[in-house]
Amino acid sequence: MPLTPDQQAEIDAQRAAPRETLRATAPGMERHLYAARPCLDHGFVRVVDYMGDDAAIVQAARVSYGRGTKAVSTDEGLIRYLMRHWHSTPFEMCEIKLHVKLPVFVARQWIRHRTANVNEYSARYSVLDREFYVPAPENLSAQSASNRQGRGEVLEGEEAQRVLDTLRDDANRAYDHYEDMLGTDGQQGLARELARMNLPANIYTQWYWKADLHNLFHFLRLRADPHAQYEIRVYAEAIAEAVRDWVPLAFAAFEDYRMGGVHLSKGALDVVRRMLAGEDVAQETSGLSKREWGEVMAVIES
């Protein structure tokens, strides 16, 4: 169950009691505020609070650059200019706070994005629920033969069932031992901060995660990418939907210049120029490694 009855009651109460404010609001984000979007089998992501909108980005840029931005005639044009030329500070004027329920192994990957404020559910003080992430059969894949951190063919039949049974059995056995160590019926047990170390990495945790828009875009560029691990990509895509409605002009520029654009090295750019000039360039004469050559060709031929 993604939301507890208490959490759902809190959300319903918050959405039923709108407040007047003099600060800027984004109508698109107001529709997302407090509502939980399900992710994976027991997880969710919901917007708890936000600050700023597209206008806040423009306002900050014009304060910073003054007359230098007057040649950009529209807010959209200015935002696209800022994104195109990697001006990050104006995007930092917008912030978002999320409440996320996610498996521990996803959280440990997510926390690599250190430019955020995080407060996680504490298993030192509270008992974690018996909720574990178990992949859907279509997401149960073998190790890729060509990519050390990627997936290959989907497992099927008896092998898939064996893996799913192992994941469920191991998780529940570990949780049984966790409960035993905590003690029951008035029996004094092991300290919670010690008992938790026996829990598996697919158990669910929760946290509040706050980031500015610049660093959130960096997170989405990496984690909403088709090559990102599926489990964290599900959360990134859910967040992206809210961000698209929050700052539509900035998000459109982000999609064009970050998600849909490419960055070429000096050597790769030289190869492209030689090809445009009519030269028949091969990997051996390009000055690029086989891997970089393959990546450049994938971009050109896509």
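**A close look, then a wider view**

Modeller: Tyr34 is buried, because its relative accessible area is 15% and the word applies under 20%. This value, like every other given here, belongs to a predicted model. Tyr34 is placed in the loop between helix H2, residues 27–30, and strand S1, residues 36–39. What is the phi angle of Tyr34, given that it is not a glycine? The angle is positive, at about 75 degrees.

Trp86 is not a glycine, and its phi is positive at about 60 degrees. Its place is in the loop between helix H4 (75–84) and strand S3 (95–103). Is Trp86 buried or exposed? With a relative accessible area of 58%, Trp86 is exposed, because the word applies over 50%. Thus Tyr34 is a buried residue with a positive phi, whereas Trp86 is an exposed residue with a positive phi.

The view can now widen to the chain to which these residues belong. The protein chain contains 13 helices and seven strands. Its C-alpha trace spans about 80 × 60 × 30 Å along the principal axes. Of its 302 residues, 37% count as buried. The accessible surface of the chain is about 17,900 Å², and carbon and sulfur atoms account for 50% of that area. Among the contacts with a separation of 6 or more, 68% are between residues 24 or more positions apart.

The charged side chains come next. There are 36 positive and 44 negative side chains in the protein chain. The centres of these two sets lie 7 Å apart. Some charges are placed over aromatic rings. The charged end of Arg23 sits over the ring of Tyr50, at 5.4 Å from the ring centre. Likewise, the charged end of Lys101 sits over the ring of Tyr204, where the distance to the centre is 5.9 Å.

Elsewhere, Trp110, Trp207, Trp209, Phe219 and Tyr235 form one aromatic cluster.

Ile111 lies in the loop between helix H5 (104–110) and strand S4 (117–120). With a relative accessible area of 33%, Ile111 is partly exposed, because that term covers the values between the cut-offs of 20% and 50%. Which residues does Ile111 contact, once its neighbours within four places in sequence are left aside? They are Val118 and Trp207, and Trp207 is a member of the cluster. Trp209, another member of the cluster, is 98 residues from Ile111 along the chain, yet their C-alpha atoms are separated by 9.7 Å.

Arg112 lies in the loop between H5 and S4. Arg112 is exposed, with a relative accessible area of 56%. Its C-alpha atom is 30 Å from that of Leu288, a residue 176 positions away along the chain. Met197 is found in a loop between helix H7 (192–195) and strand S7 (204–212), and its relative accessible area of 67% makes it exposed.

Val296, in helix H13 (residues 290–301), touches Ala268 and Leu288 when residues up to four places away in sequence are not counted. At 5% relative accessibility, Val296 counts as buried. Between Val296 and Ser144 there are 152 residues in sequence and 22 Å in space, taken from C-alpha to C-alpha.

Notes:
Residues numbered from 1 in each chain as written. Predicted model: local features only at pLDDT ≥ 70, side-chain atom pairs only at ≥ 80, totals over all residues. Heavy atoms only, no water. Helix = DSSP H or I, 4+ residues; strand = E, 2+ residues; numbered from the N terminus. Buried < 20%, exposed > 50% of the residue type's maximum accessible area, 1.4 Å probe, protein only. Contact = heavy atoms within 4.5 Å. Areas by Shrake-Rupley, 256 points an atom, 1.4 Å probe, with all protein chains shown as cover. Lys, Arg positive; Asp, Glu negative; His and termini not counted. Charge placed at Lys NZ, Arg CZ, Asp CG, Glu CD. Phe/Tyr/Trp six-rings, centres within 6.5 Å; stacked < 30°, edge-to-face > 60°. Lys NZ or Arg CZ within 6 Å of the ring centre and 35° of its normal.
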